[in-house]
Amino acid sequence: SESKILFEHIECRNFKLNKLSQDSKYIQFNHISILENFVVNKAEFRNTYFNDFNLTNSLIHIDKVSFIDSHLNSISWGNISRIQAGRDIFRELKHIYDEHANYIDANNFFSMEMEAYKNELDNKKIFSNHWQEKIVFFMNKKISNFSQSWFLPILWILITNVSFFTY
């Protein structure tokens, strides 16, 4: 289809989108501010442009959404740790930001993906088949805080080197 959809200069308290299946050429969100709640469920943002999309003060809930082939040019997410979403959503957002060489936001979403996966593992029994993964996640959290801290790996390297050379 050749239809184009444009939302521009909107400020609202709540934005709820449920079941969006897109057949249009593109959708654009330009200069949008959501003040309280941003809820998206079962949506497909294929070839969708987010330009100056402000979610800084919003409570964000995303479920069963695809951002593949979307253009997240300037979304202000605010505190990413407040986003309520599944591990797959965080992985997809990480992938999109990696493709656009926005490594800081990609690492933030990677951290959220790992935190969600860690929570999934925490719900499993200690003596299950996942004990190795629990150890790896514990170490990764302590060593680099899931790629958020660059200081921690350097500190651990120094501690390891000093301990090896003293013994």
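Start by selecting His 9, which counts as exposed because its relative accessibility is 59%, above the 50% cut-off. Keep in mind throughout that you are looking at a predicted model. His 9 sits in strand β1, residues 4-20. Check its backbone too: phi is positive, about 50 degrees, although His 9 is not a glycine.

Now move along β1 to Lys 19, which is found in that strand as well. Its phi is also positive, at about 65 degrees, and again this is not a glycine. Buried or exposed, by relative accessible area? Lys 19 is exposed, with a value of 59%.

Zoom out and colour by secondary structure. The chain has four helices and six strands, and along the sequence they run β-β-β-β-β-β-α-α-α-α. The radius of gyration is 20 Å, well over the 15 Å that the globule rule gives for 167 residues, so the chain is more spread out than a compact globule. Along the principal axes, the C-alpha atoms fill a box of roughly 70 × 35 × 30 Å. Of the 167 residues, 31% count as buried. Among contacts with a separation of 6 or more, 28% come from residues 24 or more positions apart.

Next stop: Leu 55, in the loop between β3 (48-54) and β4. Leu 55 is buried, with a relative accessible area of 0%. What is it in contact with, leaving aside neighbours within four places in sequence? Show Ile 34, Phe 38, Ile 60, Ile 75, Ser 76 and Trp 77 to see those partners of Leu 55. Then draw a C-alpha to C-alpha distance from Leu 55 to Leu 35: the two are 20 residues apart in sequence and 7.0 Å apart in space.

Select its buried residues: Ile 89, Phe 90, Glu 92, Leu 93, Lys 94, Ile 96 and Tyr 97. A charged pair is in that list, Glu 92 and Lys 94. What covers the buried residues of α1? The cover includes β4 (59-66), β5 (71-72), β6 (75-76) and α2 (103-122). After α1 comes Ala 101, with a positive phi near 60 degrees.

Follow the chain into α2. Its 20 residues should span 28 Å at 1.5 Å a residue, and the end C-alpha atoms are 28 Å apart, which agrees. The buried residues here are Asp 105, Ala 106, Phe 109, Ser 111, Met 112, Glu 113, Met 114, Ala 116, Tyr 117 and Leu 121.

Which residues make the contact? On the α3 side, pick Lys 142, Ile 143 and Ser 144; on the α4 side, pick Leu 152, Pro 153 and Trp 156. Colour this contact by residue type and you get four nonpolar, one polar and one charged.

Note on methods. Residues numbered from 1 in each chain as written. Predicted model: local features only at pLDDT ≥ 70, side-chain atom pairs only at ≥ 80, totals over all residues. Heavy atoms only, no water. Buried < 20%, exposed > 50% of the residue type's maximum accessible area, 1.4 Å probe, protein only. Helix = DSSP H or I, 4+ residues; strand = E, 2+ residues; numbered from the N terminus. Contact = heavy atoms within 4.5 Å. Expected span 1.5 Å × (residues − 1). Rg over C-alpha atoms; globule rule 2.2 N^0.38 Å.
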